[in-house]
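User: Hi! I'd like to talk through this model with you. Could you start with a term we'll need along the way?

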Amino acid sequence: MYTHEDLAKLQAQSLKMQGWIRRQTFSPANEKTLRRFSSWEVAELIFRINQSTFRGKLAADPNLPLGEVEEDGRQRWFSLDEVNELRRRIRINRKSLMPWRPEGKRAFRAAIANFKGGAGKSTVALHFAHAAALDGYRILVVDFDPQATLSHSMGLTDVGEDHTVWGIMARDLERETDRMNAAARGAESGTALPQRKLPASIRDMGLGTLRPADFIKPTAWPTIDIIPSCANAAFVEFASAQYRHLNPEWTFFGAVSRFLDSLADDAYDLILFDCPPAIGYQSMNAVFAADMLYIPSGPGYWEYDSTTSFIGQLSEALEDLAHGFENFPTGKIRLPKAFADIRFLMTRFEPSNELHQAMYGAFQQVFGQHMAEHPIELTRAVEQSGRFLSSIYEIDYREMTRGTWRRARATFDQAYEEFKTRVAAAWDKLEGEA
């Protein structure tokens, strides 16, 4: 027979392996660091200009960042900060290299969600965040999944549950309860309505006084911040049920949306949500706060079945919210919940696999215009990046053949470019919400 003590021993063994993996990926200080990018990558893959044009721009202006030349090397290697400085200062045919952003609009929010574990949600969120950062955007990622895969991949390993989505929800409960109690709600006769009370166990946590910045952590990427998750945040589903009992009028599903509303509209360009493989308090916060719903799915029948169940149950949950909270306070997201776009993305796709081709055709037939045209292919380099908590953009192409690396990068580049196109179209639909 096995008890909790045996589980603790197994975890201790696993933590040793976890430490070894981090040492292979992170710096000697156990911190994840971002590599430099070669002049070839900067020119052709990031700025999408000819290498000779790029070299000419550097030669013409000695005040531009020149990067570093590695020993016995000919190429220059640039940090992402240097890449962004070049992006701000270089013009090609009088055109800026800065990414497009609609004027006067708030950051665009996209939730990456599905029931199925292993569908690639965290992988897609990680790669889209990194691709957008290389594109010049400022990104906030929110990890709603207690498995914390995205947080670990971003280099965060020591996170307290108070500074996760759970902390944001507990903070929101306290603030919303105080707001309701302060509102004039008595009848004309002057009769006061009962005050909603929260126990000291909640108020004493001190979360109500935390600032938004207290929940946002930097990453190894200078233009990517994260609201991380951790395993201890798994009890959020139980805690949230208790919180709803304490204040039934608390619009629990709007906690993260209200938190993001408090950020400056121009603090970020893109906000990405990595959702847990379930419909619960955390995932409902994510989909409610999102402008776009991106649904990854593997190419198997059971994954198709799970995706079908997911959108059905999500539809029912959103309908319940629309009819159950008519007095939802006005914010940048409103009831009934509406998405500017919904997209389905196939992951782990093998073009030579007839079953995968058949399932991709089935997805297209069912979801039509909502189906992403560019599936994410499964390659050895993609598998390797996942094993070492990195995206393909973080892996130095010199660690494998350049052709292998480029094929892996190309599949995410295509998926991201399609994502960016859909975001651009949907961003313009946010009229009056900025």
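Analyst: Happy to. Buried means under 20% relative accessible area, exposed means over 50%, and partly exposed is in between. Please keep in mind that this is a predicted model.

User: Which residue forms a salt bridge with Arg48?
Analyst: Glu417 does, and the closest N and O atoms are 2.9 Å apart. Glu417 lies in helix α15 and Arg48 in the loop between α2 (39-47) and α3 (51-60), so this pair ties together parts that are 369 residues apart in sequence. Glu417 is partly exposed, at 26% relative accessibility.

User: What network of salt bridges is Arg48 linked in?
Analyst: One that links Arg48, Asp135, Glu417 and Lys420.

User: How many salt bridges does the structure hold?
Analyst: There are 29 salt bridges. One of them joins the side chains of Lys32 and Glu394, at 3.2 Å from N to O.

User: What does the Lys32 and Glu394 pair tie together?
Analyst: Parts that are 362 residues apart in sequence, because Lys32 lies in the loop between α1 (4-25) and β1 (37-38), while Glu394 lies in the loop between α14 (380-387) and α15 (402-427).

User: Are Lys32 and Glu394 buried or exposed?
Analyst: Both Lys32 and Glu394 are buried. In another salt bridge, Asp396 and Arg398 have their closest N and O atoms 2.6 Å apart. There, Asp396 is buried at 12% relative accessibility, whereas Arg398 is partly exposed at 44%.

User: New topic: which residues touch the most other members of the largest nonpolar core?
Analyst: Phe54, Ile139, Leu272 and Phe419, in a core of 65 residues. Leaving aside residues up to four places away in sequence, Phe54 touches Ser39, Val42, Ala43, Phe47, Ile49, Phe78, Leu86 and Ile90. A second, separate core has 60 residues, including Ile168, Met169, Leu198 and Phe349.

User: Now the sheet. What is the strand order?
Analyst: The 7 strands run in the order β8-β9-β7-β10-β6-β11-β12, forming an open sheet with mixed pairing. At the edges are β8 (217-218) and β12, each pairing on one side only.

User: In what sense do β6 and β10 pair?
Analyst: Strand β6 (residues 108-112) and strand β10 (residues 270-274) pair in the parallel sense, over 5 bridges. Phe108 has Leu270 in β10 as its bridge partner.

User: Which strands does α12 lie across?
Analyst: β11 (292-297) and β12, and α12 runs at about 155 degrees to β11.

User: Back to the backbone: which peptide bond is cis?
Analyst: The bond from Leu335 to Pro336 is cis, with omega near -5 degrees. Pro336 is in the loop between α12 (301-324) and β12 (341-346).

User: What about the phi of Ala148?
Analyst: Phi of Ala148 is near 60 degrees, again a positive value in a residue other than glycine. Ala148 sits in the loop between β7 (139-143) and α6 (149-153). With a relative accessible area of 1%, Ala148 is buried, whereas Arg48 is partly exposed.

Technical notes
Residues are numbered from 1 along each chain as its sequence is written. This is a predicted model: local features need pLDDT of at least 70, side-chain atom pairs count only at pLDDT 80 or more; totals for chains, interfaces and linings use all residues. Side-chain values use heavy atoms; hydrogens and water are left out. A salt bridge is a side-chain nitrogen of Lys or Arg within 4 Å of a carboxyl oxygen of Asp or Glu. Helices (H or I, at least four residues) and strands (E, at least two) are DSSP runs, numbered from the N terminus. Buried means under 20% relative accessible area, exposed over 50%, partly exposed in between (1.4 Å probe, protein chains only). A nonpolar core is a set of buried Ala, Val, Leu, Ile, Met, Phe, Trp, Tyr and Cys residues joined through side-chain atoms within 4.5 Å. Contact means heavy atoms within 4.5 Å. Two strands pair if DSSP finds at least two bridges between them. Axes are lines fitted to C-alpha atoms, for helices over the stretch in contact, and angles run from 0 to 180 degrees between N-to-C directions.
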